Amino acid sequence: MRRLGAAVVAMLTLTALTALTLAGPASAQSTFQWGAVELELPAVHVGDTLWPRVVVSPVPDTKVFTWTIAFSDGTPSRVVEAPSYLVTEADWGAEISFDVSVTKAGMTPETYSSATYDVLAGTPDIDENVPGASSGVAEVGRAIGIEPRITMIDTYTRHTLGSRGTLSYQWQVGEGAVWRPLAGETGFALVPGPALIGQRVRRVTTFTSATATWQSTSTHPARWDVVPGRVRATFAPVGEVRLGEVVEVAAVWEDHFPRDQAVTYSWRADGVEFAAGTPFQRRLSGTATELRGRELTVDVRVVRSGYEPFTTTVAFGTIRGLARTGGSVALSRTPQVGKAISAVPTFAEPATSYDVEWRVSGKVVARTASFTPRPVDTGKKIVARVVARHGAYEPMTADSASVTIQAAPIRASVPSTVRSGRTLSVTVSGLVPGRRITLSFAGQRVTRSVGSTGRLTLQVKAPQVRRSTRHWATFSGASIPRVKVLVKK
């Protein structure tokens, strides 16, 4: 950064500075000794702060500085009493001088008068920051700019003067060692276009004060090499990933959507493309049964002049099937032990297969198309659960009503005759497991428990008879009718 109008401190002795005069009596005992005066600037400019310092011996008790600013155009002079003085633009063109009065107890007060100085125009220093541009690289489509700070530099202080004038800018492009203006680029910031790729740019700043007395041009040392831009956007999936539903790729652009930008979408199922170059929005076909259960992804590609190619993949998740809208299951007959039953499903949509699950008292007992209740199931509740499947649809489950399983009819096989002294064998089926059945015949009794099959065989010995007689075979523990049996001699 250039420092224009830097402060210069001059040490001027009274013998060498003829413009300074000494007033007051010349008593050897009561006057000050010869000394020197330090004047901050030998030349006075707008923006300078003047700090004169009188060096005499002995050291005075007080020093009073009085500044006189006189104008040659008839403007009234101004007098300011202060230890220092800041020269402003209002003083430009005037003549400035100062008196220094020194006093000390027991000594005669003395006054030193300075020479008269012309107030010259100041020279500003343009100090320019470069927020975020220290890399020296500028992307196409991204604004670059420099934040200027106009200041005046002097020995003791720094005054910000940016509010006292106007700024103008001109962007340039380098062609070898030569810099030429970029036509029309006179703004604070520059948005490089594709034509500048591979070239170097800079900005020249000019500051001019309202009185046309402050004027300086400074070029910031930063240079930008223009490179291709980068697409700045995020893409996200939107919609229910189900056959028949509309899904889309939502784009959020960091900048506005450029018209010279082309975006293509490649729709894929398990990585296999099924639609290329389609728009960002798509309805998943309900007839495309090959999509169900696969992972849906979309490859996004953005092509724009002056920008690096941009690609990204948007993951939607697993594609689900179409939703079903109701179904029911009926039983082919009233559940009864020993009789096969099947499920009769009814669904609003077609199905390619059905899975049937039989539940007795809430427990799964079979996964078959039909089921035959067992004797142990007598009196329990049975439900048929059907899962309907179709390639394009989500599986749907429906249950039949809960129905009590009825017992099988009891059948007793009793011989009509038996030889005297022989064994009478009786077979009974359709019994409830766990029951105790008693057979009574000709004074003989036998009792047995029914097993899980519901079938029971009872045997008793026929009596010895001298002639053929008839006896009743009776049962207890179940509703079995009695049967008359002939006992032959």
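**Exercise 1.** In which loop is the place of Arg-242? Then work out whether Arg-242 is buried or exposed, and find a backbone oxygen for its side chain.

*Solution.* Keep in mind that this is a predicted model.
- Start with the strands: Arg-242 sits in the loop that runs between E24 (233–238) and E25 (246–253).
- Next, the accessibility. Arg-242 has a relative accessible area of 12%, and buried means under 20%, so Arg-242 is buried.
- Now look at the side chain: one of its polar atoms is 2.9 Å from the backbone oxygen of Gly-321.
- Skipping neighbours within four places in sequence, Arg-242 touches Leu-284, Arg-320, Gly-321, Leu-322, Ala-323 and Glu-394.

**Exercise 2.** Describe how E29 and E30 pair, and pick out the residue with a positive phi in their hairpin.

*Solution.* 
- Take the ranges: E29 covers residues 295–304 and E30 covers residues 310–318.
- The two pair in the antiparallel sense, over eight bridges.
- For a spot check, Val-302 stands opposite Phe-310 in E30.
- Five residues lie between the strands of this hairpin, and Gly-306 has a positive phi near 85 degrees.

Technical notes
Residues are numbered from 1 along each chain as its sequence is written. This is a predicted model: local features need pLDDT of at least 70, side-chain atom pairs count only at pLDDT 80 or more; totals for chains, interfaces and linings use all residues. Side-chain values use heavy atoms; hydrogens and water are left out. Two strands pair if DSSP finds at least two bridges between them. Helices (H or I, at least four residues) and strands (E, at least two) are DSSP runs, numbered from the N terminus. Buried means under 20% relative accessible area, exposed over 50%, partly exposed in between (1.4 Å probe, protein chains only). A polar contact is a pair of N or O atoms within 3.5 Å; within protein, one must be able to donate a hydrogen and the other to accept it, and residues adjacent in sequence count only if both atoms are side-chain atoms. Contact means heavy atoms within 4.5 Å.
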